[in-house]
Amino acid sequence: MTEKRKAIRKIGVFTSGGDAPGMNAAIRAVTRTAIAHKLEVVGIRRGYQGMIEGDFVRLHSSDVSGIMQMGGTFLQTARSAEFRTDEGMAKAYQQLKEHEIDAVVVIGGDGSFRGALDFSQQYDIPFVGMPGTIDNDMYGTDYTIGFDTALNTVVEAVDKIKDTANSHGRIFFVEVMGRDAGQLALKAGIACGAEVILIPEVQSDEDELNRFLTKGYKDKKRSGIIMVAEGDKAGGAFKIAEKAQKDHPELDVRVSILGHMQRGGSPSAVDRVKATQLGVAAVEALLDDQKSIMIGIKDDSIVHVPMVKVVKMNRDIDNELLNILRIINTI
Ligand code: F6P
């Protein structure tokens, strides 16, 4: 381990926005790396709201023992409306100053980074971000903490739904999380052998759905899974299923909304390892005088991405995967 410059003595770490499995591994990695570099670590509870209220806890190495396998975030999280105001940010700054926190690691999605950027434009405390969301929709990184676990949760759930779908010869519309993003629906759809996938990034293809519901289902299949991302432009699974049932009264249609179970559970090995890599890199970046960047993973390597880009741009959907889906589902 190379000795880093010690301009920073104490760092804060917090989780923000929707929780994601692997956030605890991330907090642990940040804490242990900071301690390895002889820094003090403060956990900020309940995201930006806790920062405003000074809900801080000193973290020692032992405080992050045995948390890696736990889902959720032991520091808890929040979406704070108050932090978006000038007064809220001023209070947060005051708290950080009072607690002598020199730099901060924020673990969350692009909403959390937007907050960090706004704050950095007015105040002199550097923030470095780690991508944490099950949506895997952040620009500049192939990976976000929690995605792999959520993907496995969806696959396990849909495998079970397929058992009952097959037994009854039913069409299931399964809705997965992703208010603005279809990454989870797309990957899960491929992994589960879904017949059709409907995601916000792609104009819903009614023809494709109808083709399956008429020709594909009748001629070739005993059942079907239509994977719908919650943010699909045609509506959620209920709305799409209702129309499908109306257009095809002969079909036995059901809907299953997987909901927040997708955010829970013990993190997968992938999420634990990658969250750890990101956490180490985040502290080292702060010690290298970096600020307002996100630590990401691209092509299996750590990358530094300006937060400005992360909040302005979206992650594109993988056309290769869409194409694969079309080939596999040719009827
Ligand atoms: O950002 C992650 C996410 O799980 C989205 O996929 C989902 O739309 C949203 O959070 C749900 O947020 P909440 O838990 O606040 O309802």
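Predicted model: local features only at pLDDT ≥ 70, side-chain atom pairs only at ≥ 80, totals over all residues.
The residues around the ligand are Arg79, Thr133, Asp135, Met177, Gly178, Arg179, Glu230, His260 and Arg263, where being near the ligand requires a heavy atom within 4 Å of it. Sorted by class, this shell holds five charged residues, three polar ones and one nonpolar residue.

A polar side-chain atom of Glu230 is placed 2.4 Å from a ligand oxygen atom, while an N or O atom in the side chain of His260 lies 2.8 Å from an oxygen atom of the ligand. Gly178 contributes through its backbone instead, with a polar backbone atom 3.1 Å from an oxygen atom of the ligand. On its own the ligand has 400 Å² of accessible area, of which the protein covers 77%.

Seen as a whole, the protein has a secondary structure of 11 helices and 11 strands. Its radius of gyration is 22 Å, close to the 20 Å that the globule rule gives for 331 residues, so the protein is as compact as a globular protein of that length.

Key
Residues numbered from 1 in each chain as written. Heavy atoms only, no water. Polar contact = N/O pair within 3.5 Å; in protein donor to acceptor, adjacent residues only side chain to side chain. Areas by Shrake-Rupley, 256 points an atom, 1.4 Å probe, with all protein chains shown as cover. Nonpolar A, V, L, I, M, F, W, Y, C, P; charged D, E, K, R; others polar. Helix = DSSP H or I, 4+ residues; strand = E, 2+ residues; numbered from the N terminus. Rg over C-alpha atoms; globule rule 2.2 N^0.38 Å.
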